[in-house]
Amino acid sequence: DVEPVSKLLERIKNDKEQLIADKIVKKGKKQESVNIENIKPAIPISWMFVDLDDITQFITDGTHHTPTYTDKGKVFLSAQNVKPFKFMPENHKYISEDEYKKITKNKKPEVGDLLVGRVGSKGETAVIDQDIDFAFYVSLGFVKTFKDHINPYYLSLVMNSPYGVKYATGNMSSTGSSAGNYNLGRMRSFPIPLPSLEEQNFILEKVNSLTKKCNKLEVEIKTSEANTEMLMQSVLKEAFNNQ
């Protein structure tokens, strides 16, 4: 008993067309992806494959020039601050207020947007979950989300999945001897397996529940290993003392 995906896409299309008409965003340039049909997963008949750019406000990257760093000021991040599912802004550099304003003009990161590793990364993605002002380097892709229509954590789940990693790895340019770059045009063309918003939320609840169980099991295993080691040491000590 959920809304058809077609209705969701219609609302997103209308909102994006309005943003483009108001000249708030520009239509992103896509690039044909490589061997995508070989890795696309099977999806329920009620879902649809939709390009990432078509269900987000826009996709871009950070500044292409190395800024002048300062001792204090605004936070400046790079690919090292993003790991799968983890936004880690703690270890950062600083830039001036003026440079921050130039870099973030028309692309200011907000809570619920996505950062994607582009350079030397397999598309590692994290949701911005801290309300801080920061600018970022070209090594990071930036996905401005429609938070009312798409759960950003669902997008992060897809992009960090084995399917997402295969897509990012297969669509990197300048791979040779360099670190490789996850092409923005191909990032925009990434086919997202899209269910309704209700199903997105349900999937995330299920994943979170399973993750908690896995974490609990991991703690229990480590505790058991520690107890086993202590028991073994006790047995060895007893055996040597009785000789």
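**A walk through a predicted fold**

Three bridges join strand S4 to strand S10, residues 134-136, and these two strands run parallel. That is where I'd like to begin, everyone, and please keep in mind that what we are looking at is a predicted model.

Let's stay with S4 for a moment. On its other flank, 3 bridges join S4 to strand S7, residues 93-95, and here the strands run antiparallel. If you are new to this, strands of a sheet pair through backbone hydrogen bonds, either parallel or antiparallel. Over in S7, Phe76 is partnered by Lys93.

Where do the side chains of S4 go? Lys74 and Phe76 point one way, while Val75 and Leu77 point the other way, and all are buried.

Now zoom out to the sheet. It is open, has 4 strands in the order S3-S7-S4-S10, and its pairing is mixed. Strand S3, residues 69-70, and S10 stand at the edges with a single partner strand each, so one side of each has no neighbour in the sheet.

Next, please turn to helix H1. Its 17 residues, 5-21, should span 24 Å at 1.5 Å a residue, and its end C-alpha atoms are 24 Å apart, which agrees. Which residues of H1 are buried? They are Val5, Leu8, Leu9, Ile12, Lys16 and Leu19. Looking down the axis of H1, those buried residues fall within an arc of 90°, so they line one face of the helix. The general idea behind this is handy to remember: an α-helix has 3.6 residues a turn, so residues three or four places apart point the same way. On the other side of H1, Lys13 and Ala21 are exposed. After the helix comes Lys23, with a positive phi near 60°.

His149 lies in the loop between strand S11, 140-145, and helix H3, 152-159. Is His149 buried or exposed? Its relative accessibility is 9%, and buried means under 20%, so His149 counts as buried. Its side chain makes a polar contact with the side chain of Asp15, at 2.7 Å. Setting aside residues up to four places away in sequence, His149 touches Leu8, Arg11, Ile12, Asp15, Leu197 and Gln200.

On to the interior. In soluble globular proteins, nonpolar side chains tend to be buried together. Here the largest nonpolar core has 46 residues, and those touching the most other members are Leu52, Ile55, Leu115, Phe134, Phe190, Ile192 and Leu194. Take Phe190: leaving aside neighbours within four places in sequence, Phe190 is in contact with residues including Val50, Leu52, Val158, Tyr163 and Tyr182. Apart from this core lies another, of 5 residues, among them Phe76, Ile95, Tyr100 and Ala135.

My last stop is Met187, found in helix H5, residues 184-188. With 0% relative accessibility, Met187 counts as buried. Not counting residues up to four places away in sequence, Met187 touches Leu52, Ile59, Val116, Arg118 and Tyr182. And how far apart are Met187 and Gln31 in sequence and in space? They are 156 residues apart in sequence, and 8.3 Å apart in space, C-alpha to C-alpha.

Technical notes. Residues numbered from 1 in each chain as written. Predicted model: local features only at pLDDT ≥ 70, side-chain atom pairs only at ≥ 80, totals over all residues. Heavy atoms only, no water. Expected span 1.5 Å × (residues − 1). Buried < 20%, exposed > 50% of the residue type's maximum accessible area, 1.4 Å probe, protein only. Arc of directions from axis to C-beta. Polar contact = N/O pair within 3.5 Å; in protein donor to acceptor, adjacent residues only side chain to side chain. Contact = heavy atoms within 4.5 Å. Pairing = 2+ DSSP bridges. Core = buried A, V, L, I, M, F, W, Y, C linked by side-chain atoms within 4.5 Å.
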